[in-house]
Amino acid sequence: MNIGNHYIGLIEKYRDRLPVSKDTRLISLGEGATPLIRLQNIPRALGKQVELYVKFEGLNPTGSFKDRGMTLAVTKAVEAGSGAIICASTGNTSAAAAAYAARAGIACFVVIPDGKIALGKLAQAMIHGAVVIQIQGNFDAGMALVKQVANEAPVTIVNSINPFRLQGQKTAAFEIIDALGAAPDFHCLPVGNAGNITAHWIGYCEYSSVSGKNVTAACTFCHGQCAFVHGAVAISRPKMVGYQAAGSAPFLRGAMVDNPETVATAIRIGHPQSWDQAWKVKEESGGWFDECTDEEILAAQKLLAGKEGVFCEPASATSLAGALRDIKTGKIPEGSRVVCTLTGHGLKDPDTAIKQSKDPLHKVKAELAAVKKAILENMPR
Ligand code: AN7
């Protein structure tokens, strides 16, 4: 129950667009309502007239956008009487699943790749009490196993193949339209399983039909079943742009990738679960897919942290890395309004952040002279 103006999460906020009833027990941690931050220093240095925003999804309760989908997936699992959830994960899904399961009082099993999972994410799954199963294989192998297990055991899959996940995640698009008063021209996201880019498109399609000019448009995903709309009509929708890490870029290759590799472990995924949907999103929105090298990804992460004060994890920086390149070349033209989703918080992966920071530490004696020297030597001129 909501008291006064106390924000209690995205299901309550967008209740009329989500599949819950007044009797549904909501499993929520206050997710959503993340800031849309307009970048200042980076566009200025770029010398391009663009209105560039980041949607900082790292400020969700468990530090990633996964909370948006997990609040609904776990709410619906509990409503259906399920006592256990399971997911395969590169880290963030497992962190969110573990937290919402703890909140709900149900069991959580997470299947994670051997190594290659950021430290913060592992800590989250463990402290929330999930059963952590580390397989000698990558995410794609884990996903295949989880699908098989769920056929044979009383567990509910909460990966994004669970349709409630995308329904929850679509609310990020609602928030952006609420904040800007319209959809942006371009929406850039990092792509792994491609669930999030699909969910955003669902959200833009639904919401744009609420208040708009007379352009008939129906999203092909709901087949007219959206809680709101069809028949009402569409204001503009963004071009959806998906960026992948070069070593894990099946959408660029046009085929699955069997041994994906990237420093951005969150999107180290070679067999995307929302393959067909994502191609549709690209076509319907007039967007595109592209890839970024690990060097570009890390450079964007560092630039954002150093020039704007926003710390996201490497996978998240893929959206900005790609967008900056496309703004530079003019593929995203001047005068555009652009939103980049920062999917996860930088604190998820402290190792990578420390590794790529030059001169991180000045070790000196605990004496005034030594500290003063370190300051003077590093004072900007
Ligand atoms: C920070 O946690 O797939 O394209 O198992 O953690 O919707 O898959 C994570 C994905 C982007 C890609 N950024 O989103 C998992 C998992 C971050 C992520 C993605 C993920 P999708």
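For this tour, Ala, Val, Leu, Ile, Met, Phe, Trp, Tyr, Cys and Pro count as nonpolar, Asp, Glu, Lys and Arg as charged, and the others, Gly among them, as polar. Keep in mind throughout that what you have open is a predicted model.

**The ligand and its shell**

Begin by selecting the ligand together with the residues around it, of which there are 24, the closest being Asn92, Gly192, Asn193, Ala194 and Thr343. If you colour this shell by class, you will find 10 nonpolar, 12 polar and two charged residues. Next, show the helices α4 (92–104), α9 (195–208) and α13 (314–329), each of which supplies at least two residues of the shell around the ligand.

**Backbone contacts**

Now display the backbone atoms of threonine 90, where an N or O atom lies 2.8 Å from an oxygen atom of the ligand. Move on to threonine 93, which also has a backbone N or O atom 2.8 Å from an oxygen atom of the ligand, and then to asparagine 196, whose backbone likewise places an N or O atom 2.8 Å from a ligand oxygen atom. Taken alone the ligand exposes 480 Å², and the protein buries 98% of that. If you hide the ligand for a moment, the space it takes is the largest cavity.

**Two alanines in loops**

Stay beside the ligand and select alanine 194, one of the closest residues to it, which has its place in the loop between β7 (186–190) and α9. Its phi is near 70°, a positive value in a residue other than glycine. Most residues other than glycine have a negative phi. For another example, go to alanine 33, in the loop between α1 (10–13) and β1 (36–38), where phi is near 55° and again positive.

**An open sheet**

Finally, select the four strands of the open sheet, which run in the order β5-β4-β3-β6 with parallel pairing. The edges are taken by β5 (131–135) and β6 (156–157), each with a single partner strand, so one side of each is left without a neighbour in the sheet. Strands of a sheet pair through backbone hydrogen bonds.

Technical notes. Residues are numbered from 1 along each chain as its sequence is written. This is a predicted model: local features need pLDDT of at least 70, side-chain atom pairs count only at pLDDT 80 or more; totals for chains, interfaces and linings use all residues. Side-chain values use heavy atoms; hydrogens and water are left out. A residue is near a molecule or strand if one of its heavy atoms lies within 4 Å of it. A polar contact is a pair of N or O atoms within 3.5 Å; within protein, one must be able to donate a hydrogen and the other to accept it, and residues adjacent in sequence count only if both atoms are side-chain atoms. Accessible areas come from the Shrake-Rupley method with a 1.4 Å probe; for residues, only the protein chains shown count as cover. On a 1 Å grid over the protein atoms alone, a cavity is a set of points where a 1.4 Å probe fits but cannot get out, and a pocket is an open set with protein on both sides within 12 Å along at least five of seven lines; lining residues have an atom within 4 Å of a point. A molecule sits in a cavity or pocket if more than half of its atoms lie within 2 Å of its grid points. Two strands pair if DSSP finds at least two bridges between them.
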